[in-house]
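Have the viewer open as you read.

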Amino acid sequence: MPVTVEPVSAPVPLRHLGVVHDRDAVDLHAAERAVADLLRALGKDPSSEHLGDTPRRVAHAYAEMLQPRDFRLTTFPNDEGYDELVLAKSIPVQSLCEHHLLPFRGVAHVGYLPGERILGLSKLARVVEMFARDLQVQERLTKQVADWLQEHLAPKGVGVVIEAEHLCMSLRGVRANGALTVTSSLHGMLREEPKTRQEFFALTGVNG
């Protein structure tokens, strides 16, 4: 997903980067027609009293789930030279499986070793949401978050772990209700140095 990062004027020592997604808007009218056609294909009458407003509701629901929100990435100078791991645990994450259009949801653990700047903590959750609001696979989502933070924050290392339950796996097929899929993506010292890598996975509670 292309993302535009635009400098935004801010008083020193703050640095704001305007993060703007570059994704086409959902065509709500076309989506409503498609949902109505799907209902007919499933043997349902979209003009019935109970289903009459369903195409509109579904179209708006998918538009909400697939459109990320623009935000400002706020960073601060690392004046104290903090060089230990910063970790945001259990960030709620939910997305849509691109294979079945069913949700997967769980938590993301996002950590980094600061370089010259540190990041406003809420922005870690914003970055996760930005990539999660799309048709996704969990492996790609995990890597996108890690790659983006490594590129735009320039830390000494980044680690991302996502644990999620996929409804396409728990509601259909094998019906493995409660099964979690765990994915990880690492950069820099978190990938290259065994002790740092071990610390990251120990703090997330995931065996690395």
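## Before we start

Helices here are DSSP runs of H or I covering at least four residues, and they are numbered from the N terminus. Keep in mind that this is a predicted model.

## Salt bridges along helices

With that in hand, take helix α4, residues 138-153: lysine 143 and aspartate 147 sit four residues apart in it, so about one helical turn separates them. Their side chains meet in a salt bridge, at 2.6 Å from N to O. Lysine 143 is partly exposed at 46% relative accessibility, and aspartate 147 is partly exposed too, at 25%.

Helix α1 (residues 28-41) has a pair spaced at three residues, arginine 40 and aspartate 37, again about one helical turn apart. The closest N and O atoms of this salt bridge are 3.0 Å apart. Aspartate 37 is partly exposed, with a relative accessible area of 47%.

## Other charged pairs

The structure has seven salt bridges. One of them joins arginine 133 to glutamate 129, with 3.6 Å between the closest N and O atoms; both residues are buried. Elsewhere, salt bridges tie Asp53, Arg56 and Arg57 into a network.

## The sheet and its helices

Now for the strands: five of them make an open, mixed sheet, ordered β7-β4-β5-β8-β9. At the edges are β7 (135-136) and β9 (181-188), each pairing on one side only. β7 runs parallel to β4 (residues 86-97), the two being paired over two bridges, and leucine 96 has leucine 135 in β7 as its bridge partner.

Helix α3 (residues 122-132) lies across β4, β5 and β7, at about 15 degrees to β4. Helix α7 (residues 194-204) also packs on the sheet, where it touches β4, β5, β8 and β9 and makes about 70 degrees with the direction of β4.

Notes:
Residues numbered from 1 in each chain as written. Predicted model: local features only at pLDDT ≥ 70, side-chain atom pairs only at ≥ 80, totals over all residues. Heavy atoms only, no water. Pairing = 2+ DSSP bridges. Contact = heavy atoms within 4.5 Å. Axes fitted to C-alpha atoms, helices over the stretch in contact; angles between N-to-C directions. Salt bridge = Lys/Arg side-chain N within 4 Å of Asp/Glu carboxyl O. Buried < 20%, exposed > 50% of the residue type's maximum accessible area, 1.4 Å probe, protein only.
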